[in-house]
Amino acid sequence: MKIRLIVLLLLSFIILYQFTNYNKDNKKTEQIYQILYDFKEPVQFPFNIDEKTTEIDIKKIDFLHQFSFEYYNSETTQQINYILTRILNKSNNYNYPPKETKEFLLENGTMAYYEEGEKSQLLRWITHDDFEAKLVYFTNKNSTALGDYKLDVKELLKIANQVQ
């Protein structure tokens, strides 16, 4: 009788131990990450904004940090994306300034580079805290030519100067 009781107690402890370890291993732990960057967002645009979205990519906390602010007009389908990507490795392979661009000086003395395509316009520069900043302008989800909706590069420069 005593042996059965001892075996039963021992079995109970083993099962209880396994159950508590199972719960510890299978619990989903939430990690809270702090974003240590403070970005200015533009407030004036060359068209009305009726939708805004923000996306943050910090899947690998010690690797890539990308922040995307999208400003959209649903009537005209005009959209400007303000994208900031952390530069982690300024190796010899990092090509800046990009080829075939026009150079412009921002109000804070930073050099910005402008590229133009049939369907989009792009202004990019390196921020003081090692982010590559891009303003990408397009219409109709970048599926049609800009045509009459093409912006003067001065409009993109105004936006860039707001976020410096």
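This is a predicted model: local features need pLDDT of at least 70, side-chain atom pairs count only at pLDDT 80 or more; totals for chains, interfaces and linings use all residues.

Biologist: Which residue is the bridge partner of Tyr-72 in strand 3?

Modeller: Strand 2 covers residues 66-72 and pairs with strand 3 in the antiparallel sense, over seven bridges. Strand 3 itself covers residues 78-86. Within strand 3, the bridge partner of Tyr-72 is Gln-79.

Biologist: Which residue in the turn between strand 2 and strand 3 has a positive phi?

Modeller: These two strands form a hairpin, with five residues between them. In that turn, a positive phi of about 65° belongs to Thr-77.

Biologist: Which residue of strand 7 is the bridge partner of Asn-81?

Modeller: Strand 3 also pairs with strand 7, residues 131-139, in the antiparallel sense over nine bridges. In strand 7, the partner of Asn-81 is Val-136.

Biologist: How many residues of strand 3 are buried?

Modeller: Buried means under 20% relative accessible area. Strand 3 is mostly covered, and of its nine residues the number buried is eight.

Biologist: Which element gives the most to the largest nonpolar core?

Modeller: This core has 26 residues, and Ile-80, Tyr-82 and Leu-84 are among those with the most contacts inside it. Strand 2, strand 3, strand 5, strand 6, strand 7 and helix 2 each supply at least two of its residues. The most, five residues, comes from helix 2.

Definitions and conventions: Residues are numbered from 1 along each chain as its sequence is written. Side-chain values use heavy atoms; hydrogens and water are left out. Buried means under 20% relative accessible area, exposed over 50%, partly exposed in between (1.4 Å probe, protein chains only). Helices (H or I, at least four residues) and strands (E, at least two) are DSSP runs, numbered from the N terminus. Two strands pair if DSSP finds at least two bridges between them. A nonpolar core is a set of buried Ala, Val, Leu, Ile, Met, Phe, Trp, Tyr and Cys residues joined through side-chain atoms within 4.5 Å.
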